[in-house]
Amino acid sequence: MPEAATETASTLATRLSTASVKKAWDVYSAFDWPEKIDPSEWCMAPELISLHGTSAWDALDEAGRRLLSLHEVANFFSLTLHGERPLVQGLCNQMYSRQNTPVTEYLHHFLDEENRHMVMFAMFCNRYVGKVYPMKKLALPKKYAKGEEDVTFFIKALVIEELGDFYNVEMGHDDRLAPIVREVNKFHHRDEARHIVFGRKLLAETFAHWAPQWSEETLEGVRAWVGDYLRSSWNDFYNPAVYRDAGVSDPYAARKEALAAAPCRAHRERASAKLIDYFLDAGILTEAPSL
Amino acid sequence: VPRAPRTGVGQADRLLPGRGDPDRGPVALIEEAKIKDQLRGWILDRTTSGATELEDDTPILDSGLLSSLDVVELIVFIESLKGEEVDVDAIEPESLENLDVLYRAFFVEG
């Protein structure tokens, strides 16, 4: 069996901390931000744009599609930023409590890197679309079974990171895109690759520890929630404010159409495939949720 | 961006327009009923609780009709009815207490 398969979160954390030190970068000097992005450049590949395959997309001219690509990438960066906010908060709660020293040491790197990402995304969004798109998520109080809050925390972290990484990898090497867009995606992917490995390990260990202690009802509740959370996370990619800013005539109708359109569903399934495979392998899900 | 008010339920009851308000004309009341019916229809369509009826004062979150993930979509639906964005940072869970409070928070004061 390869060493990585038997490695604990603790030994993995030591290895990742070393890599984080070696690959550290300064967000304030890493980028040569252009004054503006040439409107003739793509900022997201057409096939990744949320309306691709809908009548709203067909109705846009070439300039409109390129403008939409800028707002779409700003929305993607905004929702990643908003996903990282509660992650940072939750990571703080994990430090110096139940976790051992190597894990806590890596959590310091994790936090440091997430903070840099938020700065980087905000710099891009504020510079090129004048704002960070707000998210609609509202935290409501909820009662958890023992360990459930930790498990759902790591699931949320992994969803935001894995979906984001799908886009980062696709965009980081896409020569059609504006160079600054490629750069931001590349930088994010370099750190996120470590975060995902760590997140997967920590989630698998946490789930394996708590799930056997849960009632069947709690376990089924968590599994149903994972599907709901994934669908809800995908819904964030279909942002009416983005469509409005790009001049789409009926933003809410466009969103409704895209969420129901077969090509858009196929895209969501393709982008979620690795993540869902992981959930199935780890026993967190027993069947793939409909997206 | 309009900001939804930060209100508690007790305060909402006191401020609620409509029934018993002599200054409210018939057009405003018809508009209120229309919007509430659209919200009611959306919530009953969305809920997995099996509920088929929803009174104006039925608790929406406490009774488990909607989850916090459903609320995200409810807010987008409210935006589509209003034709403008809602500032989520300004919303307190109390604004989602029931249809009466929702209507007042998002369509009268919001």
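How many salt bridges does the rule count over all chains? In this predicted model, the count comes to 26 salt bridges over all chains. Side chains of opposite charge can pair when their charged atoms come close.

One such pair lies within chain A. Glu62(A) forms a salt bridge with Arg65(A), and their closest N and O atoms are 3.4 Å apart. Both residues belong to helix 4 of chain A, which covers residues 62–94. Because Glu62(A) and Arg65(A) are three residues apart in this helix, about one helical turn separates them.

Salt bridges also occur between the chains: the rule finds three across the interface of chain A and chain B. In one salt bridge, the side chain of Arg255(A) meets that of Glu73(B), with an N to O distance of 2.7 Å. Five residue pairs are found in polar contact across the interface of chain A and chain B, both members of each pair having pLDDT 80 or more.

Three helices of chain A each supply at least two residues of the side that touches chain B: helix 8 (216–235), helix 9 (240–245) and helix 10 (251–260). Helix 8 of chain A gives the largest share of that side, with five residues. Sorted by class, the side of chain A that touches chain B comprises nine nonpolar, two polar and six charged residues.

The extent of the interface can be described by contacts and by area. In terms of contacts, 17 residues of chain A meet 17 residues of chain B. In terms of area, the two chains bury about 1,500 Å² between them, and 65% of this lies on carbon and sulfur atoms. Lys136(A), Leu138(A) and Tyr252(A) supply 48% of the area that chain A buries against chain B, more than any other three residues.

Rolling a probe the size of a water molecule over the atoms shows where empty space is left. By the rule applied here, there are four cavities of 30 Å³ or more, and the largest cavity holds about 110 Å³ of space. The largest cavity is lined by 13 residues, of which Lys136(A), Asp236(A), Asn239(A), Pro240(A) and Val76(B) are the closest to its centre. Helix 9 of chain A and helix 3 (68–82) of chain B are the elements that give two or more residues to this lining. By class, the lining of the largest cavity divides into seven nonpolar, two polar and four charged residues.

Terms used
Residues numbered from 1 in each chain as written. Chains lettered and ligands numbered in written order. Predicted model: local features only at pLDDT ≥ 70, side-chain atom pairs only at ≥ 80, totals over all residues. Heavy atoms only, no water. Contact = heavy atoms within 4.5 Å. Buried area = accessible area lost by both parts, 1.4 Å probe. Salt bridge = Lys/Arg side-chain N within 4 Å of Asp/Glu carboxyl O. Polar contact = N/O pair within 3.5 Å; in protein donor to acceptor, adjacent residues only side chain to side chain. Helix = DSSP H or I, 4+ residues; strand = E, 2+ residues; numbered from the N terminus. Nonpolar A, V, L, I, M, F, W, Y, C, P; charged D, E, K, R; others polar. 1 Å grid on protein atoms, 1.4 Å probe; cavity = no way out; pocket = protein on both sides within 12 Å on 5 of 7 lines; lining within 4 Å. Points joined across faces, edges and corners; volume = space filled by probe spheres on them.
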